[in-house]
Amino acid sequence: MLQEIPRTEAVPNTPQITAREAEAMARAVIRLFEKWQLSDTEAREILGGLAARTYARWKAGEPGRIDRDLATRLSLLMGIHKGLRYLFSDPERGYAWVKKPNRAFGERTPAEIMAQGDIFSLARVRSWLDAERGGW
């Protein structure tokens, strides 16, 4: 028997990412970067040029205050991860995809695109994955 799943509101009551959500995403992104086999330098650039000391604190489990730009980057990274999980039934293939040259990115790797440092590069990778899976 089919049961309807309650729908999520289109306009959430919380208009922005909460501090708890941002901290949870920061912890998840650290693990994700390990799976993607990114260097600390690449990871810091993807996070908008995060200072080496700050990133070391993140890796130690102490993200500290996360501003709106960084929370948005974390959200985009979670969307990229979600898109890869939809596209690849084998998670390892999805993790490896980030380091493989891609025709859609001019034979550059998605990691190279994301490491350009600007938020638009993250959005570009996220949008491409959404389009590939028929999302938006």
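The model is predicted: local features need pLDDT of at least 70, side-chain atom pairs count only at pLDDT 80 or more, and totals for chains, interfaces and linings use all residues. Residues are numbered from 1 along each chain as its sequence is written, and side-chain values use heavy atoms, with hydrogens and water left out.

**Figure 1. The protein chain.** The chain holds seven helices and zero strands (DSSP runs numbered from the N terminus: helices H or I, at least four residues; strands E, at least two). Its radius of gyration, taken over C-alpha atoms, is 16 Å, close to the 14 Å that the globule rule (2.2 Å times the number of residues to the power 0.38) gives for 136 residues, so the chain is as compact as a globular protein of that length. Of the 136 residues, 35% count as buried (under 20% relative accessible area, 1.4 Å probe, protein chains only).

**Figure 2. The largest pocket.** This pocket has a volume of about 180 Å³. A pocket is an open set of points on a 1 Å grid over the protein atoms alone, where a 1.4 Å probe fits, with protein on both sides within 12 Å along at least five of seven lines; lining residues have an atom within 4 Å of a point. The volume is the space filled by probe spheres set on the points, which are joined across faces, edges and corners. Of the 13 lining residues, Ile 17, Ile 66, Asp 67, Arg 68 and Ala 71 lie nearest the centre. Helices α1 (19–35) and α4 (68–87) each supply at least two lining residues.

**Figure 3. Helix α1.** From first to last C-alpha, the 17 residues of α1 reach 24 Å, close to the 24 Å expected at 1.5 Å a residue (1.5 Å times one less than the number of residues). Its buried residues, including Met 25, Ile 30 and Phe 33, pack against α2, α3 (52–59), α4 and α5 (contact: heavy atoms within 4.5 Å). Just after α1, Gln 37 takes a positive phi of about 60 degrees.

**Figure 4. Helix α7.** Buried residues of α7 (residues 119–132) include Leu 122, Val 125 and Asp 130. The buried residues of α7 pack against α2 (40–46), α4, α5 (91–97) and α6 (110–114).

How values were computed: Buried means under 20% relative accessible area, exposed over 50%, partly exposed in between (1.4 Å probe, protein chains only).
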